[in-house]
Amino acid sequence: MTQSRYSEWWRRSTVYQVYPKSFKDTTGNGTGDIRGLTEKLDYLQELGIDIVWLQPVYVSPQYDNGYDVADYKEINPDFGTMEDFDELIQELHRRGMKLMTDIVVNHTSTEHEWFKQSVSSKDNPYRDYYIWKDPAPGGGLPSNWQSKFGGPAWQFDEASGQYYLTLFDKTQADLNWENAEVRRAVNDMMLFWARKGVDGFRMDVINLISKDQQFPNDDGSVPPGDGRKFYTDGPRVHEYIKDMYKEVFGPFEMVTVGEMSSTTLAHCIRYSNPEEREFSMTFNFHHLKVDYPGGRKWELMPYDFEALKRLFSEWQTGMQQGGGWNALFFNNHDQPRALSRFTDDDVYREESAKLLATTLHGLQGTPYVYQGEEIGMPNPKWKGIEEFRDIESLNMYRILQEQGKSPEAALSILQERSRDNSRTPMQWDDSPNAGFTSGTPWLKVDERYPDINVKKELERPDSILHHYRKLIALRKEHAVFTRGVFRRMDEGHPEVFAYTRTGEGEALVVVSNFSSKEISFRFEDKYWTDLSHAGTDKPIIGNTADAPALTQELKLSPYASYMWLTTSNT
Ligand code: TEU
């Protein structure tokens, strides 16, 4: 590997994702705010965080908690002021940290001025900022495309007799990226924030912006048959992104991550290989669909561990060979907590939280820590539909019952799948509302906060929090985390995920028992002989009191997970 290939600073960095609505409230209105984040920057700096990803704080009606933007250049008063935002940038830069903000430009809120103009009349200059279609020849919806939040993806406008496209909520109207004025307006908006000192962007569902201009019906031949094959990684998407790079990302040397919905490895190599001049890295979600029966999110099944390992391996090897770069994550604001989803959030909660961190942070890519995962926050226990706030969950609660599910069955599906699982307020200490707010929180606080909170984690040297701090530091210290070639070593073991990263004379060995069983694991000879064992008499990080040497046969306690660093024979 050439030195220059992996030299960028953000390849050794760790990103912390802040869902501002649930991070820290300084006004008592029950909603988190920008000043609350600024107040907690020392905490993030001590964790070793390099980049803070601040999710949308723009003017928005908040039907989708800010992913429905009504003004891209103004701060939502619920979150504070532009002066608060400027202070946040200053305070981050003073600490040598960077700010990444969310750019949501596949769609705007229907309360955005552009949409208000567009819907006002067919000949308004903003009409073509959005995607308007006549009814199908026989009347009705222009196509059978479905919204990702359930229901049809077309909304009817009585006044004009036309439909407009909404791939998400009916209050989120898709922008028409075929229109050069839209592309210019988006670049100008991003330049506005770049000139204010923002260091990077997370680009929301950016691989959906180029649609097949025929807007054909989906014949269902390719699951899920909801129309996504006609707008995912679409015909002009790379052209549009290269234009953004040329106009904004390149001149301001921004670190960028594309959120890629239902994408492919081949496209993500193109999106993130530096020679393509598109993004720094990409999120893909394939590993977070291994508990979706036939790819269907709103049905339940135990997760497929082998599929999880296979997908990690395919993407590690494929992106390495293709020169791409992964954004590594198990958690975010759209997913239930991984701790509850893939491991044990009760008896073995601490071991499990450390296992997930060790397994992820040993991979090639830039790790993302979603608020609360660093202290082992689990999914809360939901008592009734009245506790939920997420628009997708509320839509699906209704749709599941229309499909014949009982309210109880629908609720049990929401318990596992709802995005609200990861949106409960950050748990700072054991004071009321976990120290998040002095008011009434907009979404309930998980009842376990007296035992699971930052204050408690800071006090214990062997806490989950200190485990994350150490992993983040190791990534900066050893080049093998950034450059090591990935190789899976568990040969389909039913409970163990084992892999190495080798290069620059070093070898990282990561072994994790994803089960509540006491098991033994043996490295196949073909792998063992490739490993030297110098200096592996104890792991550089682990999650059990003992610190076992790396041996060809390992005894692994429930959810045991270790990382050894040795020299490489290859
Ligand atoms: O998420 C898009 C996305 O892929 C998920 O929302 C997923 O489609 C959804 O949970 C259905 O399963 C981005 C943002 O992260 C999300 O919060 C927004 O709601 C969405 O786009 C629309 O902007």
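The model is predicted: local features need pLDDT of at least 70, side-chain atom pairs count only at pLDDT 80 or more, and totals for chains, interfaces and linings use all residues. Residues are numbered from 1 along each chain as its sequence is written, and side-chain values use heavy atoms, with hydrogens and water left out.

**Ligand shell**
- The ligand is surrounded by 18 residues, each with a heavy atom within 4 Å of the ligand.
- D64, D204, D334, E392 and R419 are the closest.
- The shell has ten charged residues (Asp, Glu, Lys, Arg), four nonpolar (Ala, Val, Leu, Ile, Met, Phe, Trp, Tyr, Cys, Pro) and four polar (the others, Gly among them).
- The ligand lies between domain 1 (12–104 + 332–382 + 418–477) and domain 2 (113–174), because both give residues to its shell. Domain bounds come from an automatic or database domain assignment.

**Polar atoms at the ligand**
- A polar side-chain atom of R419 is 2.8 Å from a ligand oxygen.
- For the side chain of E392, an N or O atom lies 3.0 Å from an oxygen of the ligand.
- For E259, the corresponding distance is 3.2 Å.
- The protein buries 91% of the 490 Å² that the ligand exposes when taken alone (Shrake-Rupley method, 1.4 Å probe).

**Residue E91**
- E91 sits in helix α3, residues 82–94 (a DSSP run of H or I, at least four residues).
- E91 counts as buried because its relative accessibility is 18%, with buried meaning under 20% (1.4 Å probe, protein chains only).
- Leaving aside residues up to four places away in sequence, E91 touches T38 and L41 (heavy atoms within 4.5 Å).

How values were computed: Polar contact = N/O pair within 3.5 Å; in protein donor to acceptor, adjacent residues only side chain to side chain. Helix = DSSP H or I, 4+ residues; strand = E, 2+ residues; numbered from the N terminus. Buried < 20%, exposed > 50% of the residue type's maximum accessible area, 1.4 Å probe, protein only.
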